[in-house]
Amino acid sequence: MSEAVDPSTTAAWADLARLAAAYEPDLRSALTASWVDRQTLDAADLRVDLSKNLLDDEVGAALLRLADEVDLPARREAMFAGEHINVTEDRAVLHTALRLPRSASLTVDGQDVVTDVHEVLDRAFAFAERVRSGDWTGVTGRRIETVVNIGIGGSDLGPVMAYEALAPYRQDGLTCRFISNIDPTDAGQTLTGLDPETTLFIVSSKTFGTLETLTNARLCKAWLLDRLPADADPGEAVARHFVAVSTALDKVADFGIDTDNAFGFWDWVGGRYSMDSAIGLSLVIAIGPDRFAELLAGFHAMDEHFRTAPAEANVPLRMGLLNVWYVNFLGAHTHAVLPYAQLLHRFPAYLQQLTMESNGKGVRWDGEAVGYDTGEVFWGEPGTNGQHAFYQLIHQGTRLVPADFIAFARPAYALQDGDADVHELLLSNFFAQTKALAFGKTADEVRAEGVAEELVSARTFPGNRPTTSIMAPELTPSVLGQLIALYEHITFVEGAVWGVDSFDQWGVELGKQLAQELRPAVSGDADVLARQDPSTQSLIGYFQEHRD
Ligand code: F6P
C-alpha cells in the first residue's frame with residue numbers, strides 16, 4: 001500500500017493550529033464588500049457564498065497549503081485517471097466516468113470505460129422508454145403504472161432522493177415506490193394497494209448479496225405470483241415484472257431474473273456513488289432519458305470544475321478544506337445541511353451515507369491509526385421546518401455547527417398567499433437565518449428594545465456561527481447533478497487530507513456477520529444463545545418472552 005501523508009506532520013497543519021489558537025472570529029467587521037466579493041464563487045450554475053465562514057486570508061492560504069502538502073492535487077488526478085486509489089479493495093474509483101460524454105475516452109485496466117458506460121446507459125434508456133410509452137407491459141398485457149425499487153444504502157438513498165427532488169419532472173401516470181428496510185413493515189406497507197398486473201420491480205444491488213434486498217426481492221416475487229391471475233406463467237411473470245441492476249449478473253440469473261433484463265455496472269463504482277449509474281433506473285423511468293442525461297451533464301460540469309478550477313476558486317476544494325478547519329482546528333463534530341427546498345427533503349439522508357460511510361474511518365489507507373478527528377456527523381432537514389426544531393442549538397447553544405444553506409431563486413410550485421408570494425417568504429427566512437447566525441444580536445441591541453435586564457442574556461445571540469450559502473436559479477436535473485457531485489468532491493477532499501480510504505466501508509461488516517451468527521439463537525437455539533454475552537442473552541430472552 002502506498003504510504004499516506006500524516007497531515008498533522010505538515011507545516012501547514014502547524015500553521016493552522018497556531019492560527020486557530022489566536023483566532024477571534026468577528027464576522028461583523030470581517031464582512032466587507034471586498035471580502036464578500038472575493039469569497040463569492042461560481043461553480044457551473046451554483047453561486048456559493050463562503051463569506052460567512054470563520055475564515056480569513058491567512059487561514060484560507062494555510063488550508064490551500066495543506067492540500068498541497070498532502071498531495072491532494074495528485075490524488076485527485078489519480079482518481080479521475082482510474083488509478084486504484086481504493087487501496088483496501090484494490091479498485092479504481094471512477095464514478096466520474098459515469099457522466100463522461102460519449103465523445104470522451106478513458107481506458108482503465110485495459111477497458112474502454114466510456115464505451116461500457118454508454119452501452120449500459122443506452123440499454124437502460126431504451127428500456128425506460130418502453131415502460132414510459134406502455135410498450136413494455138406486465139404479463140397480462142397491461143401497462144406499468146408503478147415501479148418498485150428494491151435496494152438499500154447506495155442502491156436506495158440516491159434514487160429515492162432524486163425521485164423526490166425531481167418530482168416536477170415525473171411522467172404522469174407512473175409512480176415509483178422504494179423498499180429498503182428488512183423490517184417487514186416496509187415491504188408490507190409499500191405493496192399495500194398495488195396492482196400486481198401493473199407493477200414492475202427493479203432489484204438494485206451492487207453485490208446482489210445484500211440480505212435486506214434479497215429478502216425483500218423474494219417477498220415481492222411471492223407477492224406477485226400469489227396475486228397474478230392463476231393462468232399467468234410464473235417464469236413469464238418474473239421476466240415481465242422483475243428487472244435487476246447489479247455488478248453481479250451471475251447472481252441475478254441465479255435469482256431467476258433474465259439477464260436480458262439486467263443492467264450492469266462495475267466494481268469501480270462505490271454503492272454510495274452509484275445513483276448516476278443504472279442504479280438510477282427507477283429515476284430514468286420516472287423523469288425520462290433526456291432529463292436523466294441533463295442530470296449526468298450537471299454532474300460532469302461539477303467534475304470539470306473540481307478538476308480544472310484554480311485552487312482559490314475551486315468550490316469543492318474550498319468547502320472540503322473549510323470542513324477540515326472546523327473539525328480539526330475549531331472543534332466541530334457535526335455539519336448541518338439545510339435545504340430551503342422541500343423537494344430536497346431526502347438530501348441530508350443521502351449525504352449521510354455519502355459522507356459518513358466514506359470518511360468515518362480511524363486508520364489511514366496505509367493502515368496507520370489517525371491521530372486526529374475525521375468524519376463529522378452530517379445531518380439536516382429542510383428549512384423552515386428545522387427553524388422550529390433544532391436551530392435554537394445552532395443559534396445559542398455551546399456547540400459549533402457549521403451549516404450549508406441551499407436555496408433556489410425560482411420555486412418548483414409558485415403559490416400566492418393573498419398578495420404574498422410564498423417563495424419570497426421562504427427565501428426571506430433563508431437570507432435571515434445566515435444573517436442572524438453570522439451577526440447575532442448584542443446585549444446592547446437587546447437592551448435598546450426595552451428588554452428587562454434579567455432577560456438580556458437569554459435574548460442575546462452571540463453570532464459568529466459559520467454558514468455557507470449555495471444558490472442556483474432553479475432545481476433542475478442538471479443543478480441536482482451539480483449539487484450531488486459538489487458533495488462527492490467535498491467528501492473526497494476531506495478524505496484526501498485525512499489520508500483515509502473514502503471508498504471502502506469495512507465498518508459495516510461486523511454487524512452483518514454477527515446478525516448471521518445470532519440468527520439461530522433468535523430462532524430458539526439454546527446452545528447458540530448460551531454462547532452469547534449476558535446483555536445479548538437477556539435482550540434475546542426478552543424478545544422470546546414477548547414474541548407471541
Ligand atoms: O452496508 C454497506 C453497503 O455495502 C453500502 O455501501 C451499499 O450501498 C449497501 O450496502 C448496499 O449494497 P448493495 O448495493 O451491494 O446491495
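Visitor: What do the buried residues of helix 10 pack against?

Guide: They pack against strand 7 (199-204), helix 9 and strand 8 (242-246). Packing here goes by contact, meaning heavy atoms within 4.5 Å. This is a predicted model, where local features need pLDDT of at least 70 and side-chain atom pairs count only at pLDDT 80 or more, while totals for chains, interfaces and linings use all residues. Residues are numbered from 1 along each chain as its sequence is written, and side-chain values use heavy atoms, with hydrogens and water left out.

Visitor: Which residues of helix 10 count as buried?

Guide: In helix 10 (residues 234-241) they are Ala-237, Val-238, Ala-239, Arg-240 and His-241. Buried means under 20% relative accessible area, with exposed over 50% and partly exposed in between (1.4 Å probe, protein chains only). Across the protein chain, buried residues make up 52% of the 548.

Visitor: Why is Lys-52 called buried?

Guide: Its relative accessibility is 13%, so Lys-52 counts as buried. Lys-52 sits in the loop between strand 2 (46-49) and helix 4 (57-69). Leaving out residues up to four places away in sequence, Lys-52 touches Leu-27, Leu-31, Thr-434, Lys-435, Ala-438, Arg-465, Pro-466 and Thr-467. Gln-39 is 13 residues from Lys-52 in sequence, and their C-alpha atoms are 8.8 Å apart.

Visitor: How many helices and strands are there?

Guide: The protein chain has 23 helices and 15 strands. Both are DSSP runs numbered from the N terminus: helices are H or I with at least four residues, strands E with at least two.

Visitor: How do you know what radius of gyration agrees with a compact globule?

Guide: For 548 residues, a compact globule would come out near 24 Å; the protein chain has 25 Å, which agrees. The rule is 2.2 Å times the number of residues to the power 0.38, and the radius is taken over C-alpha atoms. Those C-alpha atoms fill a box of roughly 80 × 60 × 60 Å along the principal axes. Of the contacts between residues at least 6 apart in sequence, 75% join residues at least 24 apart.

Visitor: What lines the largest pocket?

Guide: There are 33 lining residues, with Thr-207, Thr-210, Glu-357, Gln-505 and Lys-512 nearest the pocket's centre. Helix 9 (211-227), helix 15 (347-359) and helix 21 (509-522) are the elements giving two or more residues to that lining. By type, the lining has 10 nonpolar, 14 polar and nine charged residues.

Methods
1 Å grid on protein atoms, 1.4 Å probe; cavity = no way out; pocket = protein on both sides within 12 Å on 5 of 7 lines; lining within 4 Å. Nonpolar A, V, L, I, M, F, W, Y, C, P; charged D, E, K, R; others polar.
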